[in-house]
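Hello,

I am handing over a structure that you have not worked with before. Please open it alongside this message, and keep it in view as you read.

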Amino acid sequence: MLGQDISELLTKKGYSPVTWDIEDLDLTDKEETDRKLFELRPDIIINCCAYTAVDKAQEEPEKCTFINETTAKNLAEYCGANNAMLIHFSTDYVFPGLGQEPYKEDDEVKPLNIYGRSKALSEDAVRKNAERHFILRISWLYSDHGKNFVDTMLKLSRDRNMISVVSDQTGSPTYGRDVAEMVMFLLDKKEYGTYHLTNEGYTTWYELAKEIIRYSGRAVEVRPLTSEEYKTLAVRPKNSRLSKEKFKRTFGIEMPAWQDALERCMKALTC
Ligand SMILES: NC(=O)c1ccc[n+]([C@@H]2O[C@H](COP(=O)([O-])OP(=O)(O)OC[C@H]3O[C@@H](n4cnc5c(N)ncnc54)[C@H](OP(=O)(O)O)[C@@H]3O)[C@@H](O)[C@H]2O)c1
């Protein structure tokens, strides 16, 4: 999902990105990854690859951990050895989600689920191996294509007149196309490190679902549920708030509000 948003924007802005999906290259294959990278010699790598099935990861922890840690490590090793820049994505799920305060970049990571743990390991691999890196922790990602929460709500609203959605998890829904804009912005920046990068403002999945249904114009009732009532294989953090102060302070810009982003996404979907 994010890979498509970023490659489409790069192309629109006149770049010619070389894009690889798993059919082109399995990034867990170190030998093949090195071979292709040494042939291409990229100055910048934007890594959108990940095992992202959060619940399934609980059933296949080794696979999720292997993919997320190894792919990041393989890319980071190339970048470290060749002074290339690596842009890597991580998640709010590295945090335990306690309290009400937004998490800062240097708060202690303590993931509640396997996916979060694997992404924390991917961060370590990037920090250890690639000096010129941006680790961007994003959250609740959606776009106007691909499988995501917006798409799921719209599909459900076609067949149901009532949808129940968790109302006790708070975070920032983040539009992939806005993340892509920030990635463009970072391409010539040198203030490397870990940053939180989401759309502005916080909400719950329940409030977000209500907004999506409102835009859809369908007469569907949205009911709140607690996490205890809606059991999933992977436990999610209740407080997914990420502080974006470091990014704003360093670069002097911020992402648009989540409501603005959602409106643009819904317009793109109806075009
Ligand atoms: N989605 C979210 O809500 C969210 C939230 C926070 C952070 N993030 C992070 O943001 C980034 C982008 O997420 P996304 O939602 O755009 O992910 P996505 O749509 O699931 O895309 C990930 C891609 O990585 C590919 N992949 C998996 N293993 C691979 C391998 N060994 N070699 C090469 N490619 C491989 C997948 O291929 P297959 O589909 O064939 O497996 C898929 O095309 C990820 O780092 C993710 O952890 C996502």
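Predicted model: local features only at pLDDT ≥ 70, side-chain atom pairs only at ≥ 80, totals over all residues.

Residues are numbered from 1 along each chain as its sequence is written, and side-chain values use heavy atoms, with hydrogens and water left out.

**Overall build**

The protein has 10 helices and 10 strands; these are DSSP runs numbered from the N terminus (helices are H or I with at least four residues, strands are E with at least two). For 271 residues, a compact globule would have a radius of gyration near 18 Å, and the 18 Å of this protein agrees with that. That radius is taken over C-alpha atoms, and the globule rule is 2.2 Å times the number of residues to the power 0.38. Along the principal axes, the C-alpha atoms fill a box of roughly 55 × 40 × 40 Å. Of the 271 residues, 50% count as buried (under 20% relative accessible area; exposed is over 50%, and partly exposed is in between, with a 1.4 Å probe and protein chains only).

**The ligand**

Around the ligand there are 21 residues, of which L2, D26, T52, Y115 and K119 come nearest (a residue is near if one of its heavy atoms lies within 4 Å). By type, this shell divides into 13 nonpolar, 5 polar and 3 charged residues. Here Ala, Val, Leu, Ile, Met, Phe, Trp, Tyr, Cys and Pro count as nonpolar, Asp, Glu, Lys and Arg as charged, and the others, Gly among them, as polar. Helix α4 (61-82), strand β2 (85-91) and helix α5 (114-129) each supply at least two residues of the shell, and the largest share, 3 residues, comes from β2.

A polar backbone atom of L2 is 2.8 Å from an oxygen atom of the ligand, and one of L27 is 2.9 Å from a ligand nitrogen atom. In A50, a backbone N or O atom lies 3.3 Å from an oxygen atom of the ligand. The protein covers 75% of the 900 Å² of accessible area that the ligand has on its own (Shrake-Rupley method, 1.4 Å probe; for residues, only the protein chains shown count as cover).

**Salt bridges**

The whole structure holds 26 salt bridges (a side-chain nitrogen of Lys or Arg within 4 Å of a carboxyl oxygen of Asp or Glu). In one of them, the closest N and O atoms of R137 and E123 are 2.7 Å apart. R137 lies in strand β3 (residues 133-138) and E123 in helix α5, so this pair ties together parts that are 14 residues apart in sequence. Both R137 and E123 are buried.

R264 pairs with D178, with closest N and O atoms 2.8 Å apart. Because R264 is in helix α10 (residues 258-270) and D178 in helix α7 (residues 176-186), the pair ties together parts 86 residues apart in sequence. R264 is partly exposed at 33% relative accessibility, whereas D178 is buried at 5%.

The salt bridge of E207 and K210 (3.8 Å, N to O) lies within helix α8 (residues 205-216), where the two are 3 residues apart, about one turn of the helix. Salt bridges that share partners also join D5, E8, D144 and R177 into one network.

**Single residues**

Most residues other than glycine have a negative phi. Which way does phi point, positive or negative, in N83? N83 has a positive phi of about 50°; its place is the loop between α4 and β2, and it is exposed at 55% relative accessibility. W140 also has a positive phi, near 45°. W140 is in the loop between β3 and β4 (141-142) and is buried at 7% relative accessibility.

Best wishes

Methods
Polar contact = N/O pair within 3.5 Å; in protein donor to acceptor, adjacent residues only side chain to side chain.
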